[in-house]
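Work through the two exercises below with the sequence and the model open. Each task is followed by a solution in steps.

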Amino acid sequence: MTVDLVITNVNLATATENGQPYGAIEDAALAVHKGKIHWLGPKAQAPTATLLLDAKNAWLTPGLIDCHTHLIFGGNRAHEFEWRQQGVSYTEIANRGGGIKSTVTATRAASDEALLAAAQTRLDALMAEGVTSIEIKSGYGLSLEQELRLLRLARELAQANGVTLCTTLLAAHALPPEFHCKDAYIDHIVADILPAAAHAGLADAVDVFCEGVGFTPAQCERVFAAAKALGLPVKGHVEQLSNLHGSALVAAFDGLSVDHIEYLVEADIARLKTAGTTAVLLPAAFYFLRETQRPPIQALREAGVPMAVATDCNPGTAPQASLLTAMNQACVLFGLTPEESFLGATTHAARALGLSQKGTLAPGQDADLLLWHIQSPAELSYGINLVKPARRWVAGAEQ
Ligand code: NIG
Ligand code: FE
């Protein structure tokens with residue numbers, strides 16, 4: 001048969017376990033047909049193709065996956081950055097009614113057009129670096145109408161840009177101004193917001209902020225139970241500022257991922273492994289908050305818990321629209337190897353989103369591909385703003 005496209009004279013970083021770092025296959029070829037990877041292997045054995053591309057020894061990787069973002073929000077928090085530089089902490093700012101709440105006010109006041117335009121700028125930056133799949137959370141609306149609006153806008157944004165999207169309902173992000181009691185707001189999420197998002201088909205997963213400034217494990221458990229009853233997978237912002245054993249709770253619900261996890265304790269790591277939950281590292285937030293407690297990387301490694309890396313792009317703790325920078329930060333700040341960072345933004349990120357068709361170069365996978373003029377895949381994590389993909393394909397179509 002003749003396939004649609006063969007890329008030859010190419011080094012493949014497959015992100016699969018083939019015994020080589022990065023799952024590399026050097027001096028190879030890869031065939032694409034009907035939007036999928038059809039074949040890969042020694043270039044002499046490549047099938048005939050309608051279009052043959054000589055990659056001249058460049059590297060081909062899976063499209064990058066940013067598996068944790070809060071991409072859609074109004075305004076910014078540059079003024080809070082000024083306070084923080086004068087010594088006020090993130091928690092103190094939150095307790096003063098700043099933090100997430102100030103972004104909720106700005107988001108509610110913004111028009112759909114303004115929210116989309118601001119998010120487009122951030123998405124452009126991510127896409128230019130090779131992001132082809134993204135997760136976007138709600139969480140700055142905090143009412144039924146506003147949370148659903150954010151999820152709808154996320155779908156609109158992704159559709160207009162040809163990126164794969166996973167939406168996550170994060171209604172349990174903070175207490176909205178209309179409520180004075182966290183339990184009452186959780187009642188509202190469980191009875192109204194969650195079912196509405198699920199029935200509208202707007203939420204692919206459900207997230208919580210399990211933290212002193214967020215919600216207690218008991219409150220998060222109620223949200224997870226409601227999500228599970230609706231057939232939606234769960235994940236959590238857990239162990240970011242303190243240890244409340246939110247990770248064990250996520251694992252008890254067979255959750256997709258535990259995110260942040262600076263304060264994760266070893267006893268809970270085995271539960272993640274058993275549940276098949278991915279550990280999502282968010283070094284941009286660690287960096288921006290000048291956190292000093294590092295996630296237990298070595299223990300996660302030893303337990304064989306897959307580690308993903310994401311931007312956490314948000315106005316409060318991670319004003320950063322660069323996944324490659326997050327990969328660098330995961331190496332420099334958390335001690336990941338460049339290979340671990342690469343796997344973290346490809347195959348493990350796919351796992352954190354339940355996207356089994358993405359994140360690796362293998363026959364049958366979606367042909368989301370990036371071509372890089374680099375000598376080694378380590379260059380993706382090595383520098384800051386040094387490399388960009390030269391070409392990109394999504395589902396086999398060049399963009
Ligand atoms: O991922 N931790 C909770 N949510 C965000 C921060 C949100 C904000 O400060 O606006 C995070 O760090
Ligand atoms: Fe986050």
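**Exercise 1.** Which residues come nearest to ligand 1 in this predicted model, and which classes make up the shell?

*Solution.* 
Step 1. Sort the shell by class, which gives 4 nonpolar, 9 polar and 2 charged residues.
Step 2. Look for side-chain N or O atoms facing the ligand. Tyr140 places one 2.6 Å from an oxygen atom of ligand 1. For Gln240, the distance to a nitrogen atom of the ligand is 2.7 Å, and for His173 a nitrogen atom of the ligand lies at 2.8 Å.
Step 3. Check the cover: on its own, ligand 1 has 330 Å² of accessible area, and the protein covers 100% of this. The ligand sits in the largest cavity.

**Exercise 2.** Identify the protein donors of the iron ion (ligand 2) and their spacing along the chain.

*Solution.* 
Step 1. Find the donor atoms: NE2 of His68, His70 and His237, together with OD of Asp312. These lie 2.1 to 2.2 Å from the iron ion.
Step 2. Read the donors in chain order; the spacing is H-x1-H-x166-H-x74-D.
Step 3. Are His68 and His70 buried or exposed? Both are buried, with under 20% relative accessible area as the cut-off.

How values were computed: Residues numbered from 1 in each chain as written. Chains lettered and ligands numbered in written order. Predicted model: local features only at pLDDT ≥ 70, side-chain atom pairs only at ≥ 80, totals over all residues. Heavy atoms only, no water. Donors = N, O, S within 2.8 Å, 3.2 Å for Na, K, Ca; no water. Buried < 20%, exposed > 50% of the residue type's maximum accessible area, 1.4 Å probe, protein only. Polar contact = N/O pair within 3.5 Å; in protein donor to acceptor, adjacent residues only side chain to side chain. Areas by Shrake-Rupley, 256 points an atom, 1.4 Å probe, with all protein chains shown as cover. 1 Å grid on protein atoms, 1.4 Å probe; cavity = no way out; pocket = protein on both sides within 12 Å on 5 of 7 lines; lining within 4 Å. Sits in = over half its atoms within 2 Å of the grid points. Nonpolar A, V, L, I, M, F, W, Y, C, P; charged D, E, K, R; others polar.
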